[in-house]
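Okay, thanks for making time, everyone. I'd like to walk you through some side-chain contacts and one bit of surface.

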Amino acid sequence: MNEIAIILTISLIIFSSPFVAKVLRLPTSVVEIILGTLCGAWGLLTHTALFELVAEFGFLYLMFLAGLEVDLKKIFAIDRTILKRGVLYIALLYILSFTITKSFEFSDVFIAIFPLISVGLIAALRKNYGKNHSWLTLSIAIGSLGEVVSIAVLTVLSAALEFGVGSDFARSIFILLLFLLMISFIFKVLQVVFWWNPELKTTLMPKIDNEEQDIRLSMALLFTFIAIMLYLHLEVAFGAFIAGIIIATFFEHKRSLPHKLEAFGFGFLVPIFFIFTGSSFKIEALFIEGMISSALLIAALMIFIRIAASFAFIKILSFKERILFALSHSMPLTLLVAIATIAFHTRVIDEFDYMAFILASILEVIVVMVLIKLIVKFSGRSAEAQ
């Protein structure tokens with residue numbers, strides 16, 4: 001009976017979240033987390049094995065979709081000056097993170113958490129504000145690079161937390177480096193193969209496809225890389241992310257594919273991950289002394305270091321555009337939840353910090369979305385007045 005209640009509750013949340021999101025003017029993912037929290041508090045959602053398994057795959061599918069946002073050809077085609085400033089921006093994030101973590105005497109895991117970048121919600125901004133904003137175009141380009149770095153940090157951190165800094169950790173990093181070299185080699189080979197045999201792309205993913213071959217190949221790649229990462233004992237999310245990059249980089253002719261994959265993911269699997277995340281947050285934690293202030297401090301510091309680091313683009317973006325650029329990178333909801341979950345399960349952070357991170361991830365999205373909307377709206381009125 002308990003599993004029936006869970007299935008019905010999840011179904012209701014998945015269906016109703018978009019309507020609630022429109023009323024509250026919040027991203028659907030935030031609403032799913034909030035509803036998951038409320039239903040968890042009411043006892044409608046408990047963590048059964050099946051619920052956890054589907055939620056875990058929902059997270060992996062989300063990482064796969066994140067990889068779909070990263071076209072390596074476009075990253076390598078970025079102007080060298082902008083690319084250098086992007087690298088400087090990411091470096092500044094980690095330098096500022098290290099400085100703040102040591103100044104506030106936080107756990108060292110905060111050094112990896114504060115600079116996280118995820119392009120998932122940046123794509124939502126592009127849908128809302130269009131593609132004609134220089135800050136948003138640059139945000140996606142640099143954000144893609146930053147997400148690659150963040151996923152790599154997630155993989156290394158996961159190994160460090162699981163094995164500790166010793167021989168097992170060194171072995172895991174060595175395997176990771178070999179894996180990356182192998183992936184680089186595969187990318188080079190695929191570039192050559194597809195250059196000499198461009199028709200091979202349409203053979204693997206026909207333009208007229210009655211058998212959904214594009215979906216089949218995408219899922220085959222996703223599961224293959226998940227299996228490889230499980231065998232190598234590396235972070236599985238990294239494998240899912242690389243599978244998405246391969247699809248985005250080499251099968252750009254299939255323009256409808258990302259939409260089809262996103263429709264399935266955001267319509268079914270990904271919401272279950274967000275609902276599960278919300279149900280992990282105990283609503284009574286809001287009344288724990290210092291919980292809200294800790295979450296606000298984490299959110300404020302994450303936004304601050306991005307605004308400070310955005311001065312790397314001082315000659316490329318105006319002050320307003322740099323603020324918008326920094327804010328757009330201040331919503332690493334999925335990666336923040338992922339690293340917080342890993343750190344909590346390995347007992348690097350306690351339950352209080354875990355709850356604070358979950359709450360901070362929600363507050364960041366709400367605050368950033370509102371701020372961006374106000375700045376864009378105000379700047380639009382100023383332009384009309386002139």
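I'll take the charged pairs, then a nonpolar patch.

Ground rules: this is a predicted model, so local features need pLDDT of at least 70, side-chain atom pairs count only at pLDDT 80 or more, and totals for chains, interfaces and linings use all residues. Residues are numbered from 1 along each chain as its sequence is written, and side-chain values use heavy atoms, with hydrogens and water left out.

So, how many salt bridges does a search of the whole structure find? Four. By salt bridge I mean a side-chain nitrogen of Lys or Arg within 4 Å of a carboxyl oxygen of Asp or Glu.

Let's begin with Asp-108 and Lys-102, whose closest N and O atoms are 2.9 Å apart.

Next up, Lys-260 and Glu-212 make a salt bridge, with 2.9 Å from N to O. Lys-260 sits in helix α13 (residues 257–280), while Glu-212 is in the loop between α10 (199–204) and α11 (213–232), so this pair ties together parts that are 48 residues apart in sequence. Helices here, by the way, are DSSP runs of H or I, at least four residues, numbered from the N terminus. Lys-260 has a relative accessible area of 29%, and Glu-212 has 37%.

Now Lys-282, which bridges to Glu-351 with the closest N and O atoms 2.9 Å apart. Lys-282 is in the loop between α13 and α14 (291–309) and Glu-351 is in helix α17 (residues 351–385), so the contact links parts 69 residues apart in sequence. Both ends are partly exposed, Lys-282 at 39% and Glu-351 at 35%.

Last thing, the surface. Which residues make the nonpolar patch of about 350 Å²? Met-182, Phe-185, Ile-186 and Val-189. Patch residues have over 30% relative accessible area and no salt bridge; nonpolar side chains (Val, Leu, Ile, Met, Phe, Trp, Tyr) are joined within 5 Å, like charges within 9 Å. The areas are Shrake-Rupley with a 1.4 Å probe, and for residues only the protein chains shown count as cover. Val-189 belongs to helix α9 (residues 167–196) and is partly exposed at 34% relative accessibility.

Terms used. Helix = DSSP H or I, 4+ residues; strand = E, 2+ residues; numbered from the N terminus. Buried < 20%, exposed > 50% of the residue type's maximum accessible area, 1.4 Å probe, protein only.
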